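Hi everyone, thanks for coming.

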Amino acid sequence: QVQLVESGGGLVQPGGSLRLSCAASESIFSINVMGWYRRAPGKERELVAAIGSGGSTNYADSVKGRFTISRDNAKNTVYLQMNSLKPEDTAVYYCNVWWLRFAVRYDYWGQGTQVTVSS
């Protein structure tokens, strides 16, 4: 069972930066998508950013130009650099990795890390 361990959340003032990290506990299938989702109080979970094993990326419109997703395939780790943070970025951020193999989808989630943007 793959476990995803997140780190890097915390409290930051508006305009500040944080970097989230998420490491898989064991080797994962080489062709996969790693990403970050978030759930704000009273809202549905939403995709923040995702990155394929080949490096292609996808961002929510609300974070384009402020957040950058990257990965280190050798370490099975994904990062989310968050700059120019806003109070509306406050949420629990979840790491996710998924892949397809023989038409079966494998989907794993981290435990979540709190990001609070407040003065």
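I'll talk about a disulfide and the strands around it.

First, the ground rules: this is a predicted model, where local features need pLDDT of at least 70, side-chain atom pairs count only at pLDDT 80 or more, and totals for chains, interfaces and linings use all residues. Residues are numbered from 1 along each chain as its sequence is written, and side-chain values use heavy atoms, with hydrogens and water left out.

So, how many disulfides does a search of the whole structure find? The search gives 1, where a disulfide is a pair of cysteine sulfur atoms within 2.5 Å. Cys 22 and Cys 95 are the partners, with S to S at 2.0 Å. The link of Cys 22 and Cys 95 is left-handed, with -80 degrees about the S-S bond. Cys 22 sits in strand S3 (residues 18-24) and Cys 95 in strand S9 (residues 91-101), so the link ties together parts 73 residues apart in sequence. Strands here are DSSP runs of E, at least two residues, numbered from the N terminus.

Buried or exposed, for Cys 22? Cys 22 is buried at a relative accessible area of 0%, and Cys 95 is buried, with 0% too. Buried means under 20% relative accessible area, with a 1.4 Å probe and protein chains only.

Now to S9 and its neighbours. Strands pair if DSSP finds at least two bridges between them. S9 pairs antiparallel with S4 (residues 33-39) over 7 bridges, and Trp 36 has Cys 95 as its bridge partner. S9 also pairs antiparallel with S10 (residues 104-109), over 6 bridges.

Note on methods. Helices (H or I, at least four residues) and strands (E, at least two) are DSSP runs, numbered from the N terminus. Buried means under 20% relative accessible area, exposed over 50%, partly exposed in between (1.4 Å probe, protein chains only).
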